[in-house]
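Look at the chain below with its fold.

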Amino acid sequence: MQKISLVILATGVVAAGLWGVGDYMSRKGEAHGDVVRGQSIAEQTCLRCHTKFAGDPLPNPAITDAPALASFGQRWPLENLEEALAEGISVSHDDLTMPEFTLTPESIADLLVYFESLTDAANAK
């Protein structure tokens, strides 16, 4: 009986390991995050004050120094923004404090992929 239990346990461990490897391999090389969802999040939050690209008309004329979203990837490695977005960014633009947003890990990944797409578009110009 113990031998059968041990075989079942070992089979379960091997199966779980193979599932984990298979799951990793199926996602290997995929971009994490969704550009469309990231754009939607940015439109609801970021684009109240920021522009997409430098030179675009400002959405809020009272704020003149909020950097364009496309410039984020030109200024910093975008993965460095992940922690800041998770913890909440406390930045002021023109004496206005940036509002706090509660973002899930998935929404942060979506935003970062969207920022990356804007940076790529700006770099291609």
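Asp 110 counts as buried, at 2% relative accessibility. Buried means under 20% relative accessible area, exposed over 50%, and partly exposed in between, with a 1.4 Å probe and protein chains only. This is a predicted model: local features need pLDDT of at least 70, side-chain atom pairs count only at pLDDT 80 or more, and totals for chains, interfaces and linings use all residues. Residues are numbered from 1 along each chain as its sequence is written, and side-chain values use heavy atoms, with hydrogens and water left out.

Asp 110 forms a salt bridge with Arg 37. A salt bridge is a side-chain nitrogen of Lys or Arg within 4 Å of a carboxyl oxygen of Asp or Glu. Side chains of opposite charge can pair when their charged atoms come close. The structure holds two salt bridges:

| Pair | Closest N and O atoms |
|---|---|
| Arg 37 and Asp 110 | 2.8 Å |
| Arg 37 and Glu 106 | 4.0 Å |

The Arg 37 and Glu 106 pair links helix 2 to helix 5 across 69 residues of chain. Arg 37 is partly exposed, with a relative accessible area of 38%. Glu 106 counts as exposed, at 52%. Arg 37 and Asp 110 are 73 residues apart, again in helix 2 and helix 5. Shared partners join Arg 37, Glu 106 and Asp 110 into one network.

How do helix 2 and helix 5 pack, and at what angle? Their axes are 7 Å apart and meet at about 95°. Axes are lines fitted to C-alpha atoms, for helices over the stretch in contact, and angles run from 0 to 180 degrees between N-to-C directions. Helix 2 is therefore roughly perpendicular to helix 5, a label for angles of 65 to 115 degrees. Contact means heavy atoms within 4.5 Å.

Cys 46 lies in the loop between helix 2 (35-44) and helix 3 (72-75). Cys 46 counts as buried, at 14% relative accessibility. Not counting residues up to four places away in sequence, Cys 46 touches Ile 41, Leu 69, Leu 111 and Phe 115. The C-alpha atoms of Cys 46 and Leu 69 are 8.2 Å apart.

Overall, the protein has five helices and two strands. Helices (H or I, at least four residues) and strands (E, at least two) are DSSP runs, numbered from the N terminus. Of its 125 residues, 27% count as buried.

Key:
Angles under 35 degrees count as roughly parallel, over 145 as roughly antiparallel, 65 to 115 as roughly perpendicular and the rest as oblique.
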